[in-house]
Number of protein chains: 2
Amino acid sequence: MQDMINRQFYLASRPAAEPTSEEVPFRDVPLCEPEQGEVVIRNMYISLDPAIRGWMSDLSNYIEPIEIGEPIRSSVIGRVVKSNSEQLSEGDVVLAVGAWERYTTAQAAAVTRLDESAGIPLSSFLGIIGPTGLTAYFGLLDVGKPQAGETVLVSAAAGAVGSTVGQIAKLKGCRVVGIAGSDDKCAWITDELGFDDAINYKTCGDLEAAIRGACPQGVDIYFDNVGGDILDAALMCMNKHARIAVCGWISTYNEADAPGPRNLWQMVAKSLKVQGFVVIDYVDRFAEGIEQLAEWLMAGKLQYREEIVDDLDNILPTFLKLFDGSNQGKLITRIPEESV
Amino acid sequence: MQDMINRQFYLASRPAAEPTSEEVPFRDVPLCEPEQGEVVIRNMYISLDPAIRGWMSDLSNYIEPIEIGEPIRSSVIGRVVKSNSEQLSEGDVVLAVGAWERYTTAQAAAVTRLDESAGIPLSSFLGIIGPTGLTAYFGLLDVGKPQAGETVLVSAAAGAVGSTVGQIAKLKGCRVVGIAGSDDKCAWITDELGFDDAINYKTCGDLEAAIRGACPQGVDIYFDNVGGDILDAALMCMNKHARIAVCGWISTYNEADAPGPRNLWQMVAKSLKVQGFVVIDYVDRFAEGIEQLAEWLMAGKLQYREEIVDDLDNILPTFLKLFDGSNQGKLITRIPEESV
């Protein structure tokens, strides 16, 4: 396979703020034959997630940073083009931990074969029944522990995770209020997804007052995707013994010196539980989550949006849409078959 | 009882910073006869606790602030001098929610009679087997859930709560490291209380490095009494799935605009649980806690220090010792019997 070229984006230096093409350039390298037990995957879909920004930073103790010189790690879906393993054949479609690259070489034992015949769109394995759906499922149900009748507040509510959190909370009988950054997004989550109310944080004025207005019984669970000022406002509206599931603080990822939340004293005043989690904490229960999410999805009870952008070469500007809120749902780079 | 005078300290206006004698002055008011079901208690011991500072502030949603004009709420121990209830007799010693005052009038049903004959020093019902001991007991055991062999880090470790937390953690088989503000305090917790190590945060230099040095296996439970920079340093040293029990953030109580912790992103990186609590959350289990604490105390397994300051008139400057760290253990104002 030495005559085949693998284009890959890699980490040249650690970004202090928004990553640039100097910090994340590409290179074309020859593709090597798979070692014993390995397969070479031609990537079709590359998942773009906020967590990748964290892996680019060398924050001490952070889970598995990307090393300098390594390709940018991502979940990928692709087709096996060369197999040196009895577990997989050429032509199999698999889900793998790959990178921002055309070809990923992986241990066959570490990838998941997908069944194309089940009628589930392949890209949904990167989203609604993949990491983002599982993040919503376990974060809401295991960390938040919603009871019917409780009020659930979700930030980044039109995002891949937030929109799923709200729909699952509705399935569990909760009042659900979403916070999003445009009237279109607010209309989508209330009109299409069934949220009870939505707040446009850019135009609502006093956010704390807006949350109180939309949550007359107070907030029992806040599913926090963003941190920052929205967290501070939500903290002031929590009920006694409320729970905050912290999925990520995207608003601060590109700011090295972002101040911490000022209203955390509410934790003592209200006996709040604030719990961070990453979806990998629940790896032992992924099968349960995928089964339930797929069942809801096939029954028409879960909706989702994807923004699929063709062209590997533009993967960095596509990724940055996550941080200005301009993406519409789960963000994916696709490498069309003919261009591989 | 109209000829008897009750001196009481009350809230004239809400302090923005350290409370002054203008904000918390005293007044002498005539004592009224107890209504049906009430008793009048001549206070002997008044408990001085950091939480009282929170009650002086009008932070929206805060639990039960002290209203302007009301006496400063405190736990008290005193002797019934007039009873209008069949439940209590004159001469009974009781624990009550009272105030910074010579006489407290309370519902007999809302006070707890103490048994002077059990040989337990009365003042300990305000501390080691009272609210501070129970705060340590439930915060460590129910929020922190320590396992033998884990590492427990405690701030304000020579304080009434922190010193008890550390001793209970040792009884549970943990490695225990305390953070305190003087070499004397550090020597006391290691030499007398059996802590494995102690850090003087005022002289240790890089606090994060000092914590790492004292906790070579990382921190599994951080019992946080102070917030601020110490919390930020501790956050960097937590193990995956570690727990932070937030008892109060005394370092910020007198600062209206204190910044929040900067390193909370560790919550997601390490799947941390950060839980605020107040001892009253566990009121249904107080009997269990008091029984266990009294058993340990009588068996010589728990030590404690009290700083008992005579003179009600100096109660405000005595209270402020809590905030500069100059008190030595549980702080109590005593009103000697002859001066009542």
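Q: How far apart do the C-alpha centres of domain 1 of chain A and domain 2 of chain A lie?
A: The C-alpha centres of these two domains of chain A lie 29 Å apart, with the domain bounds coming from an automatic or database domain assignment. This is a predicted model, in which local features need pLDDT of at least 70 and side-chain atom pairs count only at pLDDT 80 or more, while totals for chains, interfaces and linings use all residues. Residues are numbered from 1 along each chain as its sequence is written, and side-chain values use heavy atoms, with hydrogens and water left out.

Q: Ok, and which residues make up each domain?
A: In chain A, domain 1 covers 5-127 + 304-339, and domain 2 covers 131-280.

Q: How many residues are in contact there?
A: In chain A, 20 residues of domain 1 are in contact (heavy atoms within 4.5 Å) with twelve residues of domain 2.

Q: By class, what are the residues on the domain 1 side?
A: The side of domain 1 of chain A that touches domain 2 of chain A has ten nonpolar, five polar and five charged residues, where Ala, Val, Leu, Ile, Met, Phe, Trp, Tyr, Cys and Pro count as nonpolar, Asp, Glu, Lys and Arg as charged, and the others, Gly among them, as polar.

Q: How many salt bridges are there between the two domains?
A: The count between domain 1 of chain A and domain 2 of chain A is zero, taking a salt bridge as a side-chain nitrogen of Lys or Arg within 4 Å of a carboxyl oxygen of Asp or Glu.

Technical notes: Chains are lettered from A and ligands numbered from 1 in the order in which they are written.
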